[in-house]
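Here is a set of questions on one protein chain.

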Amino acid sequence: MHPMVKPALRQGWRDLDTVQFGMTPAHAITLGPVDPATGSFLRLLNGARGLPLLREEGRRMGLPDGHVDTLLGRLGRAGLLDDLRGGSPAAEALRKRGDTLDRLRPDLASLSLSTSEPGAALGQLAARRSLRVRVHGAGRVGVVLASLLSGAGVGEVDVRDVGRVEPWDVAPGGLPAESVGERRDEAARAAVRRAAPDRPVRRARASPPSGTGTAEAEASRAETGLSLVIVAPRDEVAVHAPDPFVTERLTASGTPHLYAGVVEGTGVVGPLVLPGETSCAGCLHEDRTDGDPAWPRLVTQWRCGTARRVGACDLTLAVAVAGLAAAHALTFLDGGPPSSAGARWETSLPALTWHSRPIAPHPACGCGAGVKGKGKGKGAAKGEHSSTSGVPRATMAVQRPSAGRRRESGAAGPTGTWRAHV
């Protein structure tokens, strides 16, 4: 291990013997009391030295035996340490791809803030390269979203849609003006390739299962191994009232899927559907019907509209929705609990205030989430992917040293870490 204090966190001294790592309330942690020798030693935690050399440097600086290991242990439990050379074989392979890693260094620094194990951030970044994501919809939201995921290191991002690119599909970071008139799916995939930090991983096509038709075999192959499907339709009605039938195969196969889009100047992200665990589009439909008996009648009329029209999809709102949806998708793909699981995040022009609308699993929906939730009782253990409760940072030592503690001048006293009130 070559420990280093996470470089993503800026450091500053609150007083003569208290150092603060990080500026924002979400990540700021203070360490103290810190004697001058320990303060000087902290500057050596830059990843250039292994543990034996650090212990030797500590003895040379007059630190007591065991002090270096105690300090590193506390910094590690507080989630402040990274390992310059740690990680899985996949992380080591990514480390050797210098140009690719340079493109992803801001993402790596960001991941280091949400991981506590030294070297885990690079491991997560490397793991993204093996993931498969599909985006349904190649409009202003869908292509920008797919490009963001590709640029963040997701190994395979496929975009599905029909028709040809229209002038109003063009967006910065998405479809370029030169693609107008081209097939939407081909133009979208080209945009995804341009965004990728390196050449995407090529996968061999699976042989069609024996005894199945061509269409069925292709559908089965396409869904095998998908980590996430994102539904980002260009049609406003499909954004506002997603049709459960469209994602029926995804629900049946247990494939997680996330909804995102813009409808009448309102941006929508969610719900993230974890089949059998969280609410789905069917639950949303049943819930709306319970609150408004006219809802099914309205949806039928909206879906039957035949007039060709260009929806109210403000460019900046579309990019904001794509960015938020991509962030929620990456949180899930990295193993975290995004707040869009079982909820829809919405914002409308001109105020642009995001708010969450929870969607409870509905017992009348056939997805099974409502049935599974029956009889659990209040306070029952939540599922593996639950996002309804905050995840505590178990590595944080949040005890403030006693105000009455005194230490002799120049002595290397014990140090503790606690969350900074900033």
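The questions below go from the whole chain to single residues and pairs.

This is a predicted model, so local features need pLDDT of at least 70, side-chain atom pairs count only at pLDDT 80 or more, and totals for chains, interfaces and linings use all residues. Residues are numbered from 1 along each chain as its sequence is written, and side-chain values use heavy atoms, with hydrogens and water left out.

Q: How many helices and strands does the chain have?
A: Helices (H or I, at least four residues) and strands (E, at least two) are DSSP runs, numbered from the N terminus. The chain has 15 helices and 13 strands.

Q: What percentage of the residues in the chain is buried?
A: Buried means under 20% relative accessible area, exposed over 50%, and partly exposed in between (1.4 Å probe, protein chains only). The chain has 422 residues, and the buried share is 43%.

Q: Among contacts between residues at least 6 apart in sequence, what share joins residues at least 24 apart?
A: A contact means heavy atoms within 4.5 Å. Of the contacts between residues at least 6 apart, those joining residues at least 24 apart make up 67%.

Q: What part of the accessible surface belongs to carbon and sulfur atoms?
A: Areas come from the Shrake-Rupley method with a 1.4 Å probe; for residues, only the protein chains shown count as cover. The chain's accessible surface is about 21,600 Å². The carbon and sulfur part is 53%.

Q: Is Thr18 buried or exposed?
A: Thr18 sits in strand E3 (residues 18-21). Its relative accessible area is 10%, so Thr18 is buried.

Q: Which side chain makes a polar contact with the side chain of Thr18?
A: A polar contact is a pair of N or O atoms within 3.5 Å; within protein, one must be able to donate a hydrogen and the other to accept it, and residues adjacent in sequence count only if both atoms are side-chain atoms. The contact here is at 3.3 Å, and the partner is Asp17.

Q: How far apart are the end C-alpha atoms of helix H5?
A: The expected span of a helix is 1.5 Å times one less than its number of residues. H5 (residues 98-113) has 16 residues, so it should span 22 Å. The model agrees: the end C-alpha atoms are apart by 22 Å.

Q: Where does H5 bend?
A: The bend at a residue is the angle between axes fitted to the seven residues ending there and the seven starting there. In H5 this angle is about 60°. A proline, Pro106, follows within four residues of the bend, which is at Leu104.

Q: Which elements do the buried residues of H5 pack against?
A: The buried residues of H5 are Thr100, Leu101, Leu104, Leu108, Leu111 and Ser112. They pack against strand E5 (81-83), helix H4 (89-96), helix H6 (120-128) and helix H7 (140-151).

Q: Which residue does a cis peptide bond join to Leu349?
A: Omega of this bond is about 0°.

Q: Is Glu264 buried or exposed?
A: Glu264 is found in the loop between strand E9 (257-263) and E10. Its phi is near 50°, a positive value in a residue other than glycine. Relative accessibility is 60%, so Glu264 counts as exposed.

Q: Which residue forms a salt bridge with Arg55?
A: A salt bridge is a side-chain nitrogen of Lys or Arg within 4 Å of a carboxyl oxygen of Asp or Glu. Here the closest N and O atoms are 3.0 Å apart, and the partner is Asp69. The pair links distant parts of the chain, 14 residues apart: Arg55 in helix H2 (residues 51-60) and, in helix H3 (residues 67-77), Asp69.

Q: How far apart are the closest N and O atoms of Asp198 and Arg129?
A: Asp198 and Arg129 form a salt bridge, with the closest N and O atoms apart by 2.6 Å. This pair links distant parts of the chain: Asp198 is in the loop between helix H8 (184-195) and helix H9 (214-223), and Arg129 is in the loop between H6 and strand E6 (132-136), 69 residues apart. Asp198 is buried at 15% relative accessible area, while Arg129 is partly exposed at 22%. The distance asked for is 2.6 Å.

Q: How many salt bridges does a search of the whole structure find?
A: One network of salt bridges links Asp158, Arg160, Arg183, Asp185, Glu186 and Arg189. The search of the whole structure finds 17.
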